[in-house]
Amino acid sequence: MQVKCKLCGTTHEKTESYSPTGKSPYYCSKEEYEEEQVNQIMRKSTFTLLHDDILNYDERQIVVNKKLEQLGKSYGWEIVFKTFKHCENDIKFWIQQKNFDNEYLKINYIMAIITNHINDIYIKYKNEKRQKKENNIYIDIDILNDDFVPNSKNTNDISQFL
Ligand SMILES: [Zn+2]
């Protein structure tokens with residue numbers, strides 16, 4: 001039986017796909033599935049930060065923004081969240097200085113700041129990740145030389161993002 005990956009749409013033989021429950025939805029691999037879990041957590045964190053801390057909304061007010069969803073799709077939510085964190089103080093400062101006729105204009109203004117910074121954050125993060133990878137290779141060689149048995153700590157532990 002052929003099944004379709006929920007995330008990227010690739011079709012696989014059911015036996016070659018991954019599903020945490022054993023039934024639909026299916027994914028290409030466990031890695032892809034877990035990456036998506038982290039992505040969704042980062043999406044939630046982004047909206048919470050914007051909703052609770054930047055806009056100071058209460059639970060009745062919701063934030064809907066097309067541009068924000070687009071950025072999440074193209075950069076991934078981890079990058080979007082990092083950009084918000086990077087710009088948080090600037091945004092808070094500027095939305096206090098300016099008067100907006102409505103919330104729509106205020107959120108558009110915030111999104112303009114985010115859009116201006118996201119590519120820099122993306123490049124910086126990509127370099128950091130590559131650097132980390134290179135460092136890990138170096139450490140691994142050291143470990144081998146010292147005949148050291150590393151423990152099997154799960155490096156995919158999502159707590160590092162929280
Ligand atoms: Zn896939």
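Two residues are taken to be in contact if their C-beta atoms, placed from the backbone, lie within 7 Å. In this predicted model, among contacts between residues at least 6 apart in sequence, 51% join residues at least 24 apart. The chain contains four helices and two strands, and their order along the sequence is β-β-α-α-α-α. Of the 162 residues in the chain, 14% are buried.

Most residues other than glycine have a negative phi, and most peptide bonds are trans. The bond joining Ser24 and Pro25, however, is cis, with omega at about 0°. Pro25 belongs to the loop between β2 (11-13) and α1.

An α-helix has 3.6 residues a turn, so residues three or four places apart point the same way.

Just after α1, Asn56 adopts a positive phi of about 55°, although Asn56 is not a glycine. Asn56 sits in the loop between α1 and α2. This residue is classed as exposed because 10 other C-beta atoms lie within 10 Å, and a residue with 12 or fewer counts as exposed.

Leaving aside neighbours within four places in sequence, Val63 is in contact with Phe47, Leu50, His51, Leu55 and Ile107. The C-alpha atoms of Val63 and Tyr104 are separated by 9.5 Å, with the two residues 41 apart along the chain.

The next element to consider is the pair formed by α2 and α3. Two packed helices are described by the angle between their axes and the distance between the axes. Helix α2 (residues 66-75) and helix α3 (residues 77-97) pack at an angle of about 125°, and their axes are 7 Å apart. The angle makes α2 oblique to α3. At this contact, Leu71, Gly72 and Tyr75 of α2 meet Trp77, Ile79 and Val80 of α3. By residue class, the contact has five nonpolar, one polar and no charged residues.

Helix α3 has 21 residues and spans 28 Å from its first C-alpha to its last, close to the 30 Å expected at 1.5 Å a residue. A bend of about 55° occurs in α3 at Cys87. The buried residues in α3 include Trp77, Ile79 and Val80, which also take part in the contact with α2. Glu78, Phe81, Lys82, Thr83, Phe84 and Ile91 of α3 are buried as well.

Ile95 is likewise part of helix α3. With 18 other C-beta atoms within 10 Å, Ile95 is partly exposed, because a residue is buried if 20 or more lie within that distance. Not counting residues up to four places away in sequence, Ile95 touches Lys106, Tyr109 and Ile110. Ile95 and Ile110 are 15 residues apart in sequence, and their C-alpha atoms are 8.0 Å apart in space.

Definitions and conventions. Residues are numbered from 1 along each chain as its sequence is written. This is a predicted model: local features need pLDDT of at least 70, side-chain atom pairs count only at pLDDT 80 or more; totals for chains, interfaces and linings use all residues. Axes are lines fitted to C-alpha atoms, for helices over the stretch in contact, and angles run from 0 to 180 degrees between N-to-C directions. Angles under 35 degrees count as roughly parallel, over 145 as roughly antiparallel, 65 to 115 as roughly perpendicular and the rest as oblique. Ala, Val, Leu, Ile, Met, Phe, Trp, Tyr, Cys and Pro count as nonpolar, Asp, Glu, Lys and Arg as charged, and the others, Gly among them, as polar. The expected span of a helix is 1.5 Å times one less than its number of residues. The bend at a residue is the angle between axes fitted to the seven residues ending there and the seven starting there.
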